[in-house]
Structure formats: C-alpha cells, structure tokens
2 protein chains.
Amino acid sequence: MMYGYFRANRHHQRVVFDVFYRNNPSGNGYVVAAGLEQVVWYLHHLSFGEEELTYLRGLGLFSEEFLDMLRDFRFSGDVYAVPEGTIVFPNEPLVRVEGPICEVQLLESAMLAFINHQSLIATKAQRIVDAAATAPGKVGPVIEMGLRRAQNIDASVFGARAAFIGGCQGTSNVQAGQCFDIPVMGTMGHSWIQSFPSELDAFRAYADTFPDATVLLIDTYDVLKSGIQNAITVAKEMEAQGRKLLGVRIDSGDLAYLSKHVRRVLDDAGLTYVGIVASSDLDEWTIRDLIIQGAAITSWGVGTKLITSYDTPALGGVYKLVAQERDGQMTPSIKVSENANKVTNPGKKKVLRFTVNGHASADLIALDHETFDISKPLELFDPVHTYKRKVIRNYEVEELLVPVYLEGKLVYELPNLKDIRRHVESGLALFSKEILRPIQPHIYHVDLSKALWELKQRLLHEWRPDEA
Amino acid sequence: MMYGYFRANRHHQRVVFDVFYRNNPSGNGYVVAAGLEQVVWYLHHLSFGEEELTYLRGLGLFSEEFLDMLRDFRFSGDVYAVPEGTIVFPNEPLVRVEGPICEVQLLESAMLAFINHQSLIATKAQRIVDAAATAPGKVGPVIEMGLRRAQNIDASVFGARAAFIGGCQGTSNVQAGQCFDIPVMGTMGHSWIQSFPSELDAFRAYADTFPDATVLLIDTYDVLKSGIQNAITVAKEMEAQGRKLLGVRIDSGDLAYLSKHVRRVLDDAGLTYVGIVASSDLDEWTIRDLIIQGAAITSWGVGTKLITSYDTPALGGVYKLVAQERDGQMTPSIKVSENANKVTNPGKKKVLRFTVNGHASADLIALDHETFDISKPLELFDPVHTYKRKVIRNYEVEELLVPVYLEGKLVYELPNLKDIRRHVESGLALFSKEILRPIQPHIYHVDLSKALWELKQRLLHEWRPDEA
C-alpha cells in the first residue's frame, strides 16, 4: 500500500488513523490499555537498513525511487494516545496517528500487535488479581510464571510487563525483570527435588542457597506424607539459625484441600508465619472458587492462563482511516459496513471522561475541536438507541488522549512501570463495582457527542454504493 | 536453581532431560513438531554479557564465583531432537538434552517456549490447511495474515514460519518473509479504498501498482452493488492491456452467499480465471462449513484464529529430569504424581516408529540402549491397559530422535523450510485418515518397550514417600 501511495504521488497526503477495539476480552467490562512504550520504541527505531532494502528489491515489486524513500524514512507525524494503564472501553480511540499516509499506513501491523497484546494481558492480569482480592483479610499477591507457555519470547517478556501493569507483583521471567525492573520471584522446579538423594536434602540445599527467600516445593512426592513434614524440619533448622522459612509451594492435587491441611500442620508446628504459594493451571475462576472454599493460600503463581489470556487469546484492535486531507482540508472519512457495529466513527476525535464526585459517569467520543462548558449541564445520549438520554451536572472532565509525538518528535515522558500500575488503580477507583464485575458487567456509557453523531449520520446517508 | 547446584558443587553432574507434551491441542490427534531451529539459534547465542551479569549481581543473591561461571558459560552437552515437521504424539520425547545439570537446567524455559509455540501454530495451520483441502477439485491455498493479532512480534514472525511448516503457502508478514524466505502475499486494506475519491479509482491505482498480483478488496462499500462491478471494470481494462486480474477479496458478510454470487457475476463477464480470496475470522471449522455450502472460494486468508491457535492457545510441553549420574553411573529418575497421567517415563530414551507396508503401525518409546531384531515379530502392549496387545511383523523402523548437538558442537544440518514442509507431508502420509481426523480422532498407539515399562514399574514401587 505504501508503494501504491508513492506511485500515485499521494504519499505526502495527510491522514488520521485511529486504533480502537470493538469487544472486551474474557467477558470483561473494560480493557487496561498497554503497549504504548513499545510503540514509542518502535517509532524511535523504525527505519530501513540495507539488508531490508535488498530483500525488498529482491521481491521485484518496487522501484528504486521508492526504495530510496524508504532509506530516508523516519516518522514525521503526530501521535496522541491514552497513557498506559488507562481504563478504556470499546470504540474509544486508544491511539490517534496523523501524518503523511505512507508513514501512517506503515505503522498499522506492528502498532496493533503491541497494543493488542499488552492490553490483552494487562486486562487478563487485572481479572486474576481481582479474583485474588476476593480473599477475606490479607490479599495474596499474584506472580506471573508463564514463560514456558508463552507464544514465544516477546510474548513472555512483554507479557510479564503487561501482567505487572495488571497488578501482578512479580514474575519468574528474569529477562523481563532485567528489561523492566519487575521484581523477579521463583522457586525450585520438581527436578531440583528429584536431583537430590532425598527431598529433605533438596530442601536443605535450597534453604542454604536462598536463606532470605526460601520457598519449598512440597508436592514432588506427597504433600502431606512427605513434603510438608520435610519443610517443617527445615523451617525448624532455619529458626535455630535465626532465619525464617518464607513459604511452601503446592503445584498439583486439590489446592483447597491440601492448602487447608498444610496450614493446619504448619500452625500446629508453630509456623504460622510460613506462607502457602499455589500454582497449577490457575485462572481467575479457579482462584475465586478456591477462596470461596476457604483455601489457605497466601500467594498465587499463575502461568499459562495468564500469559496467553487463554480464554480469549486476542484483542481485536483495529486501525482505521478516519480523516484525510482533500483540497488542503482535513476531511472526515467513514468506513461503512453491512455490520452496523463495524461502521467507524469518522473524523479527528478526542475522548472525554466525565466524573461526578469522583465517580465516572460516562465517556464521550467527540470531535477534536469541540469544547464543553463544564459550568452547564450536559445531555448525553446513546449513539444507537438515541432515546436513552442522561443529563450530568457538576461534572469534571478529563481528556484521555495525550500528545506523544508532535511532528515526529517525542513530547511524552514515558512513565515508569510502578506509576503505570498506580494509574490503573486510580483509574479503576472511578468505576462502580458493577462495571468492574468479571462477568456480565454493567455496561459503561460511551456516547458520541452530538456533533460527531450528526457527522456520522450525514456521512452514512450521503454515501451511495453505486457512486463508490 | 543453577546457583543452588553451583553452591552444592553439583553443577558438573550429568543429567538427562526430556521435552514432551501430554495432550494434543484443538482436539487433534497429533502435533507437528516445530521450533528446533530456534532452539539451535538459542544454544548458539546463549551467553551472559556484562549487562546481564550486572543485573544479576544487583539482585544481591549470587556469589562472584557463580557470576564468573556464567561469564564463561557455553553449552557443552548433547541434544537429540525430532526434526522439525515430524508428526509426534503425547509423551514422546521431542528433545532430549544431556549434559551438566547447571547447563541443562538453564535451557528449560526458553526451549519450551520455542517448541511449544511453533509446534502449536504448525499444528493449527495443518488443521486449517486440511480443512481447505476438503474442497472438491482444486485445493485453495491458505495464507497466514495474523500479524496484528499475534501475541507480539516474535509470535507473528515465528508464527508465520510455523504456519508455513503447517502448510500455509504464504504470509502477509514481510519480516517473516525476509527472515525465512516465505512467500509474502497481501492485498490492500479498506483504508486504501477509502483514501481514494472512489472505489474504482482505488482499484485502478492498485492494478497499476501491482500489475502481476492484483487482488482487489471488494467489500469496503457493498460487494454486489459496487465492489464486484468495479472489479470487473478494472479486469476488462487489464485485459485490454494484455494483463489478468488475479483475484478479488471478500472480508465481511456471508462468505458462502457472497462468493457464489461473485463467482456467477465474474463468470458471466467471462472472467472465469479471476480467483476469490476470503478472509474474516476464519478457522478450520468455518472453512469446512463454507466448503460444504458450496462457497466459491479459491484461497483463504487466515489471521487471528491461526496465529494465536485461538481455541487452544498453548501447548503444554514440559521438561523433565529422566536420568542423572550417580556414583559415575547414569541412573534413571522418575517423577511420581498423584495424577497417574503425570508420572514421567524414566531413563534415557529413544522413540521408534514402526511402519508396515508404508503405514505407521505404532510408536514405541524405548530405552536408548535397546535393540530390536526387525526380522522377528514384535509384541507391543498398551502401557496402561497392558492386556491390550498387538504383534507386528515385517515392519520397518525409524528412529525419530536425531543428534543435533554432541558435546556442545552442532552436528545437525538445519533443513530449509520447504524441506521441513515436505517432511510434514511425507510424515502425514504414513497415518490413516482416522488418526488425522480433526475431531475425535482414532488414537494412535504409542507404547512403552517392555524394558522401559518394567523400569517404570520398578521405580514406582521402590519409591516410598516416607523415605523421600
């Protein structure tokens, strides 16, 4: 397509594209936006080296003039985006890119892969962390442990990052720990236990190696007959040296039954401080039910189901042309579809979040140039069932899209991961529990401004297939 | 764990680990093994640079002696593996690694991520390609188009590679095309059409840009009222210049209904040679049903459902200790579990495939030192229901695991991707259609040799939890 625009001598034509998605994953009511840092990294490094140019030349499709243009390629446009960790909803622009069509088109696939992937995993992690938070009393932390089941290495490393944004407190992925300063946590595998003459020897060697972070895997042979007994022996030996066993881990069997028994045996031995880590194909639903059944689990190691977002392994973010320069004028563009749900919102837009007394009341997708007088009541209406209206008063308004690149220059300071996590938490605090429910949530209002709605109707009705 | 072995002064102890999986994905009857080239790439590059060492030092967990050992790290062991594209079954070792425990342990996570991911996608691709092959007459090629929905970039690039192994004929992923010499294929997106004053202008510009590979996307406005009419106009203009329109693409609406109509309209215009490409959330089941309903589709663009293996987004490959040196002797090791299905097969093993008259009869997991006299009948028995026995005669036998690394040296010539694909095809040809059925397949026999079975029973019964 870049080559086509180049050949048609249209590559300098300015356009606006939106990234948005249509359906929340996993039956959730929202998405935790993530992946922007990777988009920035990509824009920063995006160029064509001689190796790439040689490959493209070899395809026999492109002119030398085009390849010369690629050689000099650098992104010169504007990017607005919601900060990572923002709570977002279907159809809201998460990224808005404006610039020459050739450049803006090129970004599509990689940018979508970054945003789709990291937002998906951050959202899944938030669901799992919320499940762990249903426990009475102290909430057990969730640790991301999915590397070996991730869809290759990027998925594991950026997935661990996204999982931290979604509230996980650590990862077993050391590369992610190094890249993003995420706390790394881990225990032994079963092979560690097997490789020693006895379980007790294996436990002692581990306690000796990591005296301040000893978590013993107690299910290699038999949790109750062997594992917990040996763990208690080691815990007592550690006490004699003035140290404390951090925890035991159960990775198979019935986690509710075993954790309760293990808790009792530990408590009877005076080891009330020893934690119980559970892992084994956990997801938000299993964690919920284990808690309901009184499982005595103090932290959760979650692998496959988190790192792949197993029940919904893709977020369907798309990248759509919404405006283009025509006769020197930025003109809204619409994509019509048989499926009404797939008709795009035309024009260069912004997203506003209205809050009343610290509670999110509705989001509004509006045209970029629109202004709202917050001293006056505002009437919002449902963009499909327009008879559904509501008036808000005394509201505050936040604009979700912030400038990231202006004329090819990075103007945004990338926040650190802990700040991104805090942004998720303060964002979630605006919404009612009903909207945050993990299944069949109350649907949050995302309306169109009157001006945008009218523009959309006009473009829809102006368009005639026989004239296309 | 490496550090633990180092501190226990056991890091030179030799061990054997197996990679295997327990359950086929997507209800399939087998897996197409893939990912070995990436394992080789990893072993070749695996080392610790100063940046990594600084990070690890900063964790405050490791001694300087250990970090010095990492600085000098290189893999010195043996790797045996099934070649990429081999048809494999649950519990069969796909990779067998032997070497010092410290080295062998380190490989676990990355190696599993490579093998699990690429085998998963190759298998899913094979299912989809098989579905396309149910069409009467000429089989429509399948093109991988999932980049924007992949779980980040590695997943897209190595996923495109795995999809080619699974029988896809091309990819829309240009980076994968460059890295692995996969044919790149693509069409315009909707934004191309939108960005021109009319659909016809857009089609003409594209035909002008790619005269030998013009595929026109005809569903931006209305397939029947607009898209196909404009495509015919352009096809006629191309004919007048002595060129041929390659195809039209439909990306929404009912693909059976639309493709049949479009076929009729094209044929009525004398354009019987123009192909019809379909895309839009396709998977093996939708393709099957579209074919059953007589859809006139000549090639299939498959995205999300393929690149994520949507219905089963992880293959559960594991890495288990099966033998270790004790008193200078390589000794089999077993991992016991409450779940009988999770008890490992102990010992250093090989996998044999027995064929009779070009038909696969059974696979046998045997101890590495075992030999079989192929001039004599061989009795095989089910490792769980041991009364189920079968005798094979006049068989040929193939050993599936081949040497890849010996004493840290690569001894295997990596085949090119087309040869890997041919290996899949010749491998599949050994199996009956019942075993290859996409749902509820006939279960292929994977038995244990008598010696392995007896070893396993002995180790299971010798083991006592109270002695562990």
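A residue is called buried when its relative accessible area is under 20%, exposed when that value is over 50%, and partly exposed in between, with a 1.4 Å probe and protein chains only. By this scale Cys102(B) is buried, with a relative accessible area of 3%, whereas Cys179(A) is partly exposed at 45%.

This is a predicted model, in which local features need pLDDT of at least 70 and side-chain atom pairs count only at pLDDT 80 or more, while totals for chains, interfaces and linings use all residues. Residues are numbered from 1 along each chain as its sequence is written, chains are lettered from A and ligands numbered from 1 in the order in which they are written, and side-chain values use heavy atoms, with hydrogens and water left out.

Cys179(A) is accordingly in no disulfide, and the nearest cysteine sulfur, that of Cys168(A), is 17 Å away.

Turning to the two chains together, 89 residues of chain B are in contact (heavy atoms within 4.5 Å) with 90 residues of chain A. Chain B and chain A bury about 7,100 Å² between them, 57% of it on carbon and sulfur atoms, where buried area is the accessible area (1.4 Å probe) that two parts lose on being put together, summed over both. Within chain B, Gln151(B), Asn152(B) and Gln194(B) lose the most area to chain A, together 11% of what that side buries.

Two salt bridges, each a side-chain nitrogen of Lys or Arg within 4 Å of a carboxyl oxygen of Asp or Glu, are counted between chain B and chain A. In one salt bridge Arg7(B) pairs with Asp208(A), the closest N and O atoms being 2.9 Å apart.

Notes: Disulfide = S-S within 2.5 Å.
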